[in-house]
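Please consult the sequence and the structure while reading.

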Amino acid sequence: MSALDTSSLSATIMQQQHQDKSNAKRNGSIASHLANGGQKQYNKAVDDKIDSSVHMEFGGPVGTLAMMIFFPVLMFYFWICLEFHNGHMIYPSLETVTSLPALKEWVYVELIKRVIDHAPLTTYGSTIYLGFIAWSIFCAYVMPGPRTKGLPVPSLGYQQLEYHCNGLSSWYVTLALSAVLHITGVFPLQDIVDNFGPILSCAVLSGYAVTLITYFWTVLFGTPHRMSGKFFYDLFMGAPLNPRIGKLDLKMWAEIRVPWVILFYISLSAVIKQYEMTGHVTAAQAFMLMAHFLYVNACSKGEECIPTTWDIFYEKWGFMLIFWNLAGVPFTYCHATIYLLNWQQNHGYPMTHHTGYTIFVYTLCLVGYYIWDTGNSQKNRFRMELAGTYIPRRTFPQLPWGHIKNPKYIKTEHGAYLLTSGWWGIARKIHYTADLMMALSWGLICGFDSFIPYFYVCFFLVVLVHRVTRDMERCAKKYGKDWERYCKEVPWIFIPFVY
Ligand code: NDP
C-alpha cells in the first residue's frame, strides 16, 4: 500500500470516528431503540423463501463429491511435500505420466506408501487427537461462562437459541493442564509434531465419520433443513441447521473449540521442538505461535459474538463445516509452522530473515489482527445489542474501537439493521481483508522458497471471495432496496478506494 493510500485511509478512519461521535448525538441510542420495541418485526415470507430455496453451489453434487475426495487427498499430498521434500511440490515427470504402469508405481511409492508407512492410525496418535476432542467436549459441558442468545431462527419461529460461552475458561484450563502434562513428562507437547502423520489420519477419518453419522442421524431422527434431495450435495452442505446434544451446540463447539486450539498446539509443539533441538526459538517460529495464539484467543474471548456469524445462523452442519473444523483448518493452516520446523531439520540451521523484514511481517499480522478483531466485534456487538443479548465482557484483550456506542445504521424493511459506522462504514467486508492480511503474513514469514506456506492465503482468498458472492446474493434477496441503499452508502467491499 502506498503512503498516499495509507494517509487517505487513516483520514477516512478519523472521519469515520468523528462521524460516529456526531451520530451519537443525532441518532437515538440503541437503548432507546430497544425501549421502543426493538427488532421484533420480521419478513417471514422472505425468510421462508430463503430457507426453502436451494440454489446449488460448489458445482452441485459432482463438484461437492469431488471436493469431499479431493480435499483430504490434497492434505496428505501437502504433508508429504512438507515432510519428505523440504516443502517442494512433487509431481510425476512427463515420461511417468505417459506410461500407466510407471504412473501407478509413482503414485504408490511417492504418495500411498508414504501414508501407509508414516501416517498410519496409531494408538498414540489417535489418543492425542481423540483425547483432545473428548477433553474439549467435557470442558464445553462443565466449564463456567456466560450464556447468550443467538439470532432469531426463522425456521424455529424466530426462537433465539441459547449458547453457553465457556470457551475462555475452557481455553485457560486447557493451557494450564497442558503445561502440567508437559512439565511432568506425562505428555511432552513436542509429541504432537513428532506424531503429525498419525494424528492427521485420525483427524481426517474423524471428519468423515462425524459427517456421515450427523447426516444419517438427522435424516432418520432429526429435522433436515434446506435439503436439495441430492445425496452428495446434502452430505456436503449438511442436513441439520442447529445440531445439539443437550445444551451443547455441536456446530459452534466444532467451529471454535477444535480447529484453532489444535492449530495453536501444533505451533506450540513446533516451538518446543525447536528449542529442544537448538536451545533457542527463532523469530519466525515464534511468529507462528503468536499468530495462532491471537486467533484462538480471539475466538475464545469473544465467543459470545459467534452466534451472530454466518456459519452459525445460516450454514448447516455438513462435510464442509465438519471436516474443515475437525481436520481441514488445523492441518492445513499449520503449513507455515511445519515448513519452518522441517526447513531447520533439513538444513541443519533455522530460517532467519532480515530484521526489517521480520518487523514488517509481524506488523502486517498485528495490524490485520486489530482490524479483524475490532471489525467483527463492532458488528457482532451491534447485532447483539439490537437483539438484547449484548453482554459487556472484560476478557483480554479488549481493543479500542471494538464497540461503537450509538452507531449509525440503516433500518431495513425486513426488520433487521445494517451497521454503517466504524469499519462497516469504510468497507463492507474489511474484516475479510484483515483476515487475509494475517493469512498472508503466515506465508511471508516462510520466505519465498516454497508455495505451500502460501496455499492457505490463496485458498482463503478463493473461499472468502466465493463467500462474499453468496452472502451478497443472500442479502440482496433478503433486504431488496435497502441492500442497494447500503451498497451505495458503503461502496467498497474489501479495500477502500480500491475494490
Ligand atoms: P460476516 O461477519 O460478514 O457475516 C455476514 C452476515 O452479516 C450477513 O449475511 C448479514 O447477515 C450480516 N451483515 C452484513 N453486513 C452487515 C452490516 N453492515 N451490519 C450488520 N450485519 C451485517 O461473515 P462471516 O460470518 O463469514 O465471517 C466472520 C469472520 O470469520 C470473518 O472475519 C471471517 O474472516 C472469519 N472467517 C474465517 C474463516 C477461516 O477459515 N479462517 C472462515 C470463515 C470466516 P443478516 O442476514 O443477519 O443481515
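**Helices and buried residues in a predicted model**

Q: What is the handedness of the crossing of α7 and α10?
A: The model is predicted. In it, the crossing of α7 and α10 is right-handed.

Q: At what angle do helix α7 and helix α10 pack, and is α7 oblique or roughly parallel to α10?
A: Helix α7 covers residues 123-142 and helix α10 covers residues 196-221. Their axes are 8 Å apart and the packing angle is about 55 degrees. Angles under 35 degrees count as roughly parallel, and 65 to 115 as roughly perpendicular. The angle of about 55 degrees therefore makes α7 oblique to α10.

Q: How do the residues of the contact of α7 with α10 divide into nonpolar, polar and charged?
A: From α7, the contact is made by Gly125, Ser126, Ile128, Tyr129 and Leu130. From α10, it is made by Pro198, Ile199, Cys202, Ala203 and Ser206. By class, these residues divide into seven nonpolar, three polar and no charged.

Q: Is Thr211 buried or exposed?
A: Thr211 lies in helix α10. Leaving aside residues up to four places away in sequence, Thr211 touches Leu235, Gly318, Phe319, Ile322 and Phe323. Buried means under 20% relative accessible area. Because its relative accessible area is 3%, Thr211 is buried.

Q: What distance separates the C-alpha atoms of Ile338 and Gly87?
A: Ile338 is placed in helix α17, residues 335-347, and counts as buried at 5% relative accessibility. Beyond residues up to four places away in sequence, Ile338 touches Leu82, Val193, Phe196 and Ile266. Ile338 and Gly87 are 251 residues apart along the chain, and their C-alpha atoms are separated by 9.2 Å.

Q: Are α4 and α17 roughly parallel or roughly antiparallel to each other?
A: Helix α4 (residues 60-84) and α17 pack with their axes 9 Å apart, at an angle of about 20 degrees. The contact is made by Phe78, Leu82 and Glu83 of α4 and His335, Ile338, Tyr339 and Asn342 of α17. By class, that contact has four nonpolar, two polar and one charged residues. Angles under 35 degrees count as roughly parallel, and α4 and α17 are therefore roughly parallel.

Conventions
Residues are numbered from 1 along each chain as its sequence is written. This is a predicted model: local features need pLDDT of at least 70, side-chain atom pairs count only at pLDDT 80 or more; totals for chains, interfaces and linings use all residues. Side-chain values use heavy atoms; hydrogens and water are left out. Axes are lines fitted to C-alpha atoms, for helices over the stretch in contact, and angles run from 0 to 180 degrees between N-to-C directions. Helices (H or I, at least four residues) and strands (E, at least two) are DSSP runs, numbered from the N terminus. Angles under 35 degrees count as roughly parallel, over 145 as roughly antiparallel, 65 to 115 as roughly perpendicular and the rest as oblique. A crossing is left-handed if the near helix is turned anticlockwise from the far one by less than a right angle, and right-handed if clockwise. Contact means heavy atoms within 4.5 Å. Ala, Val, Leu, Ile, Met, Phe, Trp, Tyr, Cys and Pro count as nonpolar, Asp, Glu, Lys and Arg as charged, and the others, Gly among them, as polar. Buried means under 20% relative accessible area, exposed over 50%, partly exposed in between (1.4 Å probe, protein chains only).
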